Amino acid sequence: MPSPSITITDHLPPLLKTVLPTTNNNTTTHSRLALAATATAVTGLATALLLPRIYNDYLTYISYGPGGTPHNVLGWLIATLARPFGREMLSTEPYDRRILADGETKSYLAGKDLIRRQERPAMGWHVVPQRQLSDFAPGDIREKLINEFTALAAQNPHLTKLAPSNLEAHADGLFVADGVVLPGARKQLLKGEIAHIHRMKDASVHVLLAPADCKKVFEAGWGQRHPLSGVGSPKALGGGALILPAEYVFVYAPRTEEELMLVMDIVRAGVAYTTNSDEVH
């Protein structure tokens, strides 16, 4: 017959046996069960706390409407993974440095009175697509903005053309027309794209501006940089491996006729800068 198992505590005085815990198989099993139950409870609690936040984050992404990333769970995952690469968007220091280094002091908004916006709209926290969460353009203003944008291309065929945007799915962009001779560096910016409207939701605008005009727009409270400015934008993010320059500016949606004219003045300044022309109709 096998001898009974003996533990070290069998040799201890009775008093110490009452103080030191035993380590038999039943105790080990109970400990493992307790650990498993604790881990299950913690996991369940974390899931209960995080799932609503994750779902709300996804709903916010979907609320932006179609953009450069897929308008589904895959697009949301891409936007979520891109968040750590987002950069500061409101400082005018990048333009001060550019003006100082390259001497690009010219403003194409010279003589234009930019009405100061009292407060900036709430912005989505995903880096793509860049969208407002408040202060959308009313329906009639959005339609007028789209019409003015289209008319601008028609009035300047020697400078611009409409074509599918490189960056904004479901929308045409305003591009430098074929045959326009530009300085090398400027010609490469966004593959010739000047501006596009986010017509499916807020009616905000992305536009390339001269450094001096970026400063004016920022200081008047009318715009900000893209959060991926200076970061290579992979094709999966809608950028086709483009580098978004600091001069790629998000202009807030107009809410009135007066603001509509202001936004179109900014777009015209973008056309003038990108085409290197003072003759924009």
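The protein chain exposes about 15,000 Å², and 61% of that comes from carbon and sulfur atoms. A reminder to myself: this is a predicted model.

**Entry: overall make-up**

I went through the secondary structure and found eight helices and eight strands in the protein chain. I then checked burial: of the 281 residues, 43% are buried. For contacts, I kept to pairs with a separation of 6 or more, and residues 24 or more positions apart account for 70% of those.

**Entry: helix 3**

Next I picked helix 3, which runs over residues 73–82. Which of its residues are buried? I noted Gly-75, Trp-76, Ile-78, Ala-79 and Ala-82.

**Entry: the largest pocket**

Rolling a probe the size of a water molecule over the atoms shows where empty space is left. I turned to the largest pocket, and its volume came out at about 160 Å³. Which residues line the largest pocket? I listed Tyr-108, Leu-109, Ala-110 and Lys-112, along with Asp-265, Arg-268, Ala-269, Ala-272, Asp-278 and Val-280. Sorted by class, the lining has six nonpolar and four charged residues, with no polar ones. I counted Lys-112, Asp-265, Arg-268 and Asp-278 as the charged members of this lining.

Conventions. Residues numbered from 1 in each chain as written. Predicted model: local features only at pLDDT ≥ 70, side-chain atom pairs only at ≥ 80, totals over all residues. Heavy atoms only, no water. Helix = DSSP H or I, 4+ residues; strand = E, 2+ residues; numbered from the N terminus. Buried < 20%, exposed > 50% of the residue type's maximum accessible area, 1.4 Å probe, protein only. Contact = heavy atoms within 4.5 Å. Areas by Shrake-Rupley, 256 points an atom, 1.4 Å probe, with all protein chains shown as cover. 1 Å grid on protein atoms, 1.4 Å probe; cavity = no way out; pocket = protein on both sides within 12 Å on 5 of 7 lines; lining within 4 Å. Points joined across faces, edges and corners; volume = space filled by probe spheres on them.
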